[in-house]
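Please read the following report alongside the sequence and the coordinates. It moves from whole chains to single residues.

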Amino acid sequence: MGGAAWLRSGFAVAVSQPRLLGEAKIRVGAPSRMKEMSYREALHDALVEEMRRDSSVFIMGEDIGKHGGTFKVTEGLIEEFGPLRVLETPISESGFVGAAVGAAMMGMRPVVEIMFADFITISMDQIVNNAAKMRYIYDGDMAVPMVLRAPQGAGVRMGVHHSQSFEAWFAHVPGLKVVIPSTPADAKGLLKSAIRDDDPVIFLEHKLLYSVKGPVPEGEHLVPIGKADVKREGTDVTVVATSLMVHRALAAADRLQKEGISVEVVDPRSLQPLDEETLVASAAKTGRVVVVHEAPGPYGAGAEIATVIGKSAFGYLDMPIERVTAPFVPVPFSPPLEDFVIPGEDQIVAAVRRTLGLAA
Amino acid sequence: MGLNDDDLVKMYRWMALTRRFDQRVCELQHQRGIPELQHASIGQEAIGVGACYGLRPDDVILPSLRTRAAFLVKGISPERQMAAMYGKATGAGRGKETSHHMGDRQLGVVAGSGVVGGSIPVGVGVALAFKLQGKDSVCLTFFGDGATNRGDFHEALNLAAVYDLPAIFICENNLYALSMPISRHLRVENIASRAAAYGMPGVTVDGNDVIAVHEAVQDAIARARAGKGPTLVECKTYRWRGHSERDVKQVYRTSEEVERFKALCPIKRLRDLLVSRGTVKPELLDGIDAEVAEAVERAIEFAESSPYPSPEEALNNVYAR
């Protein structure tokens, strides 16, 4: 079963996975020794390394102890760090996210796991009105160095309350940082950076990415927050994509390459702050832009990206900016319904062809 | 911790200062208007004073909307508080937030949320940090009767109990949540009885008896420092003025009721106690009244003569980097 078909099937099974990055060139920092690992393992390693490095780092969440977390990211941590630094919580998202704010204000570095991003809604007041604003209220004489990590996304047949993508909500709140890694290397590097960051960081994972494997630099590997990554260089069209959609964009790019269309895939990695420079430079180079994200289109992250590019690269654009997103509906459960709403490789290919003025 | 006359006189001064501050701000609000809308704590002074008197510098408080006294006792000066009400650069936070929600890192004051009840989990987090750091410091979180109906109250108290945290929850039950009387917004006689739902002790005290408040909170602090976990302390009191200085008519209650509760004034009760014991002369207390009146006038002058922050400061300090 080829990579693209596997992705559309929506099952994340822990058997050997195809290398979904195709022939994309992966840009990494100085270290040249790489280790192949899954996104899940990369997150796990980031947590272990940061907890060993800094005793103020601790994790909180439901079932993160012996159970290892619903998506098994925290497996083994309680055995090494004990039940205070791996603090299991009752079902009280508002309470324990607020507690993370208070603990962070007193010098700790909590990393809160929310089981499904959909449940972050319970704690929105604590995030928006406390975490995001404390530093401002103290006019700078305070910090809230917490990380809130959660899996987003559809494709697992879990219905309307377990499949959403909320990055645009958080990116719209002054005081929050938002990162959304698509590869194991980015997941590890960004989680380490997020933990060391003195601002509250919303760290958005994807359920279907946990088993995806990729090369991760050995040794200390940090990815800066606020820096996009060109996952694939190209010259004809820029495709800006986030999270799982990066992989679908790369698959689409492989397919389009066979027709002689050269697609550049840019992964913002951070949505707040957004690396406008890299996005605009790519748009100026190619003159055509397709933005892809899994969240519904209206008021999504794509609206911001398109506006930023539209303003600063206006003179370079040959066509209006396209968006490929879910339709403006909740994510349904039944497999054919769910598959219909998640943006796929075909839609990305079609959008690229549209922006080149080609027939669909 | 036993209170001697010196302590009681100090507590009298704190209450008198709080009262005078709020009285003068209410006058100014109606005379010439000040930027912040005052939510007067007049009538409730004994709670903040009784609870915060004798705290250590490493203890932390998280005041409610209406705990002026707590900010004062913990060390934010009348000058800085008044300047904060005026939105001046010399106020705590340089005008970023109202004086209801001041924070001061060095003094151990955590800024409360403008969303009623939203602070309670944050206070639990402060106490959690103390436990993780192996400290015996405590965190006092204040809130009104209305806030106890929030889900955050439920979640926070439960967390404090299951983690055995040094968190003291102080409910300032003034019998009204804005216009809604307690008889219509909850079905329990005493809010302290809600503590049983979380497996923690709950105690109800006369919130206008500064000594009773102090003793109840000190007991809770001793438990917390000994690692025995959280306590809910309910202090029954009464708010003399409206919810805010816009709520002048107070259509939801009678003036007879207000007058009845004014007779239970916490300041008058302490004065009467001290004078009746004969060890403190009324002239001493009169002198304190005059002194705090002076202090408040100085605070007003300070606030009025202080500059505003420059408008561009609105863009500062959103992020650490």
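The sections below treat the basis of the model, the chains, their contact, the core and some local features.

## Basis of the model

This is a predicted model, in which local features need pLDDT of at least 70 and side-chain atom pairs count only at pLDDT 80 or more, whereas totals for chains, interfaces and linings use all residues. Residues are numbered from 1 along each chain as its sequence is written, and chains are lettered from A and ligands numbered from 1 in the order in which they are written.

## The two chains

Chain A contains 13 helices and 14 strands, where helices (H or I, at least four residues) and strands (E, at least two) are DSSP runs numbered from the N terminus. The radius of gyration of chain A is 20 Å, close to the 21 Å that the globule rule gives for 360 residues, so chain A is as compact as a globular protein of that length; the radius is taken over C-alpha atoms, and the rule is 2.2 Å times the number of residues to the power 0.38. Along the principal axes, the C-alpha atoms of chain A fill a box of roughly 60 × 45 × 45 Å. Of its 360 residues, 56% count as buried, a residue being buried if 20 or more other C-beta atoms, placed from the backbone, lie within 10 Å of its own, exposed if 12 or fewer do, and partly exposed in between.

Buried residues make up 53% of chain B. Among contacts in chain B between residues at least 6 apart in sequence, 75% join residues at least 24 apart, a contact being a pair whose C-beta atoms, placed from the backbone, lie within 7 Å.

## Contact between the chains

The contact takes 34 residues from chain B and 35 residues from chain A. Helix 5 (120-132) and helix 6 (151-162) of chain B each supply at least two residues of the side of chain B that touches chain A, and helix 5 gives the most, with nine residues.

## The nonpolar core

The largest nonpolar core has 199 residues, and those with the most contacts inside it are Val239(A), Ala249(A), Met15(B), Ile168(B) and Ile170(B); such a core is a set of buried Ala, Val, Leu, Ile, Met, Phe, Trp, Tyr and Cys residues joined through C-beta atoms within 7 Å. Leaving aside neighbours within four places in sequence, Met15(B) is in contact with residues including Glu45(B), Ala46(B), Val49(B) and Val210(B).

In helix 2 of chain B, eight of its eight residues are buried, among them Glu45(B), Ala46(B) and Val49(B). Helix 2 is followed by Gly54(B), whose phi is positive, near 90 degrees.

The 16 residues of helix 8 (residues 210-225) of chain B should span 22 Å, which agrees with the 22 Å between its end C-alpha atoms, the expected span being 1.5 Å times one less than the number of residues. The buried residues of helix 8, including Val210(B) and His214(B), pack against elements of chain B including helix 1 (5-31), helix 2 (45-52) and helix 10 (266-277).

## Surroundings of Arg68(B)

Arg68(B) lies in helix 3 (residues 68-74) of chain B and is buried, with 29 other C-beta atoms within 10 Å. Leaving aside neighbours within four places in sequence, Arg68(B) is in contact with Thr18(B), Phe21(B), Asp22(B), Ser41(B) and Gly48(B).

Definitions and conventions: Contact = placed C-beta atoms within 7 Å.
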